[in-house]
Amino acid sequence: MTKDEIYTELKSVLVKSFMIDEDDLSLDADLYADLDFDSIDAIDLAAKIHSVTGKQLKPEQFKGVRTIGDAVNVVDELMRKG
């Protein structure tokens, strides 16, 4: 999966599962400040990432994620580790 494919998949998850308007999504969008995420939403997103990738995200991997771009990078790293 390329970073572009990961971004497209994350956008789809955010629109479908979190009812976020696609126009509000960009790599720079802050999950908490711009998209009103809370810690429960972050856990839900990590679970959605797991269901899409088949890879388990550890809480410490998701701890530094603030933006959609950060999430793309974490998923990309997870996918590369196999």
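The entries below start with the ground rules and then go place by place.

**Ground rules.** I am working on a predicted model, where local features need pLDDT of at least 70, side-chain atom pairs count only at pLDDT 80 or more, and totals for chains, interfaces and linings use all residues. Residues are numbered from 1 along each chain as its sequence is written, and side-chain values use heavy atoms, with hydrogens and water left out.

**Helix H2.** I began with H2, which runs over residues 39-53. My helices are DSSP runs (H or I, at least four residues), numbered from the N terminus. H2 has 15 residues and spans 21 Å from first C-alpha to last, close to the 21 Å expected at 1.5 Å a residue; that expected span is 1.5 Å times one less than the number of residues.

Next I asked which residues of H2 are buried. I got Asp41, Ala42, Leu45, Ala46, Ile49 and Thr53, with buried meaning under 20% relative accessible area, exposed over 50%, and partly exposed in between (1.4 Å probe, protein chains only). Down the axis of H2 these buried residues fall within an arc of 140 degrees, so they line one face of the helix. The arc is taken from the directions from the helix axis to the C-beta atoms.

On the face turned away from the buried side I found exposed Ile40, Ile43 and Ser51. The cover over the buried residues of H2 includes helix H1 (3-18), helix H3 (59-63) and helix H4 (68-81).

Aspartate 38 caps the N-terminal end, with a side-chain oxygen 3.0 Å from the backbone nitrogen of isoleucine 40. Just after H2, glycine 54 takes a positive phi of about 80 degrees.

I ran a 1 Å grid over the protein atoms alone: a cavity is a set of points where a 1.4 Å probe fits but cannot get out, a pocket is an open set with protein on both sides within 12 Å along at least five of seven lines, and lining residues have an atom within 4 Å of a point. Points are joined across faces, edges and corners, and a volume is the space filled by probe spheres set on the points.

How many cavities of 30 Å³ or more turn up? The count is one. The largest cavity has a volume of about 70 Å³. Its lining includes Met1, Ile6, Leu10, Ile49 and Val75, and H1 and H2 each supply at least two lining residues.

The largest pocket holds about 210 Å³ of space. I counted 13 lining residues there, with Ala42, Ile43, Ala46, Pro59 and Phe62 nearest the centre. H2 gives the most to this lining, six residues.

Leucine 27 is in the loop between H1 and H2 and is partly exposed, at 42% relative accessible area. Contact here means heavy atoms within 4.5 Å. Not counting residues up to four places away in sequence, leucine 27 touches Tyr7, Thr67, Ile68, Gly69 and Val72.

I then looked from the other side. Threonine 67 is in the loop between H3 and H4 and is buried, at 18%. A polar atom of the threonine 67 side chain lies 3.0 Å from the backbone nitrogen of aspartate 70.

**Arginine 80.** This one lies in H4 and is exposed, with a relative accessible area of 65%. Its side chain makes a polar contact with that of aspartate 76 (2.9 Å); a polar contact is a pair of N or O atoms within 3.5 Å, where within protein one must be able to donate a hydrogen and the other to accept it, and residues adjacent in sequence count only if both atoms are side-chain atoms. Arginine 80 and methionine 1 are 79 residues apart in sequence but 9.0 Å apart in space, C-alpha to C-alpha.

Most residues other than glycine have a negative phi. Methionine 19 has a positive one of about 55 degrees, and aspartate 36 has one near 60 degrees. Methionine 19 counts as exposed at 70% relative accessibility, and aspartate 36 at 62%.
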